[in-house]
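Please keep the sequence and the coordinates at hand while reading.

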Amino acid sequence: MADRAARRAAHVLVAVDKFKGSLTAVQAAERVTAGLRRVVPGVQVETLPVADGGDGTVAAAVAAGFERREVRVAGPLGTPVTAAYALRGSTAVVEMAEASGLQYLPAGVFAPLTATTYGSGELLTAALDAGARTIVFGVGGSATTDGGAGMLTALGARFLDADGRPAAPGGGGLGDLAEADLSGLDPRVADVDLILASDVDNPLTGPKGAPAVYGRQKGATDDDIAVLDAALAHYASVLGPDRARLPGAGAAGGIGYGALVALGARFRPGIEVLLDVLGFGPALARATLVITGEGSLDEQTLHGKAPAGVAAAARAAGIEVLAVCGRLALPPEALAGAGISRAYALTDLEPDPAVCIAQAGPLLERAAEALARDVLL
C-alpha cells in the first residue's frame, strides 16, 4: 500500500532533448507527458526541455521562461535570415545555428569554402544592444568552417590580404590572410561574460579538427577539407596558434576558436551550462523520477550530449533516470554506466526507421505509456 501511494505521489521531471528531424525538445516533452498521463492521469509531471548548445538551445531557453527576440541577420550564404536569441534579465542565450546553421542552405546546396558566420556576430551584437552582461553562446549545427572570422568581422575586426583588401568570406579565403586587425572589436565584448557552450571539444585543425571531423556534413570534399585545414592553420598562425588546441576551438567550424582567441570566451560543456541556465537544479530537487532522451542514444550520447548530462546530475542526487529515444544503440551496461536504468526506443514499437521518424509523436506517447505501466503503476 505504501509503495502504491509513493508511486501516486511521484513527481516526474521530463528533461528531454530534441528528436532530430522529428520533434523539438518541447514537442518531445509534451508527447512524453501525454503518454504518462494517459496511464496515470493524476501523476505530477514537470517538463524542462533541454539542449547541449546546438540547434534547439534558444527554444529550450524560451520554454524555461526566457523572452524570445528576433533580428534580421546575414545567413551563411550572405542572404538575410530571421534569427532568434533568448533574453532574461541581463542573461542572453545565443545559438549560432540560428544565424549560421545548416538549415539555411537550400536542399543539396553546400558552400564549405565560402559559408560565413557573419550573422552570428550580428546576433551577438543584438544581445549586447539588449543589455546582456552574460551571454551563453551555443555553438553547433553550423554550415560554416571559417574559424569565426565572419563573426569577428561583424563585431568590428578586419581581416586583410597582402594587398590590404578584405579577405574573401568563408574558410577558403583565410589562406590569403596577411593581417588580422582586432582593434575595432566592439568594446562591450570585454565587459561581458561570454560562455562558449558546446558538446564538441575538438581542436581547430588536424585529424580531429573542425574540417576533418565535420567538413563532410557541410558538403566538403577531401580536397576542400585539405584547403580548409591549411587555411585555418594559417589563420591561427596569424591570430594565435596556442589557442587552436584548446577544447572547443574546433566547435561549429572553428567559431569556438574565434570566440576563445578574440572575444575572451570561456569554454564549458554545453549541457552543464544549459542545465544551470534553465534551472535544472531546482527542478531536480522536486523530482522523484527523471525521464531524459533524444533521437538516438548511442556512443555520441556518452560524450557530452544532453541525456548524459541530465543522467549524471540526477544520479549524483540519487534520483532514478529512465530514457526515451528513437533508436537505442547502447548496451544495458553502457546505459547503466551513464546512470540510465532503462531506455524505451521507438524502434521497439516500429522497426522501420522511416516510419519512426514520420510518426515520432504518437510512437513516443506509446513509449511513455509503456514506461508509466512499468514504473508508475
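A polar contact is a pair of N or O atoms within 3.5 Å, and within protein one of the two must be able to donate a hydrogen and the other to accept it. The model discussed here is predicted.

By that criterion, the side chain of Glu369 makes a polar contact with the side chain of Arg38, at 2.7 Å. Glu369 belongs to helix H15, which covers residues 360–375, and, leaving aside residues up to four places away in sequence, Glu369 touches Gly35, Arg38 and Val39. Because buried means under 20% relative accessible area, Glu369 counts as buried at 14% relative accessibility.

A search of the whole structure finds zero disulfides. Cys325 is in none, and the nearest cysteine sulfur, that of Cys356, is 9.9 Å away. Since a disulfide requires cysteine sulfur atoms within 2.5 Å, the sulfur of Cys356, with its closest cysteine sulfur in Cys325 at 9.9 Å, is too far away for a bond.

The relative accessibilities of the residues discussed above are set out here.

| Residue | Relative accessibility | Class |
|---|---|---|
| Glu369 | 14% | buried |
| Cys325 | 0% | buried |
| Cys356 | 6% | buried |

How values were computed: Residues numbered from 1 in each chain as written. Predicted model: local features only at pLDDT ≥ 70, side-chain atom pairs only at ≥ 80, totals over all residues. Heavy atoms only, no water. Helix = DSSP H or I, 4+ residues; strand = E, 2+ residues; numbered from the N terminus. Buried < 20%, exposed > 50% of the residue type's maximum accessible area, 1.4 Å probe, protein only. Contact = heavy atoms within 4.5 Å.
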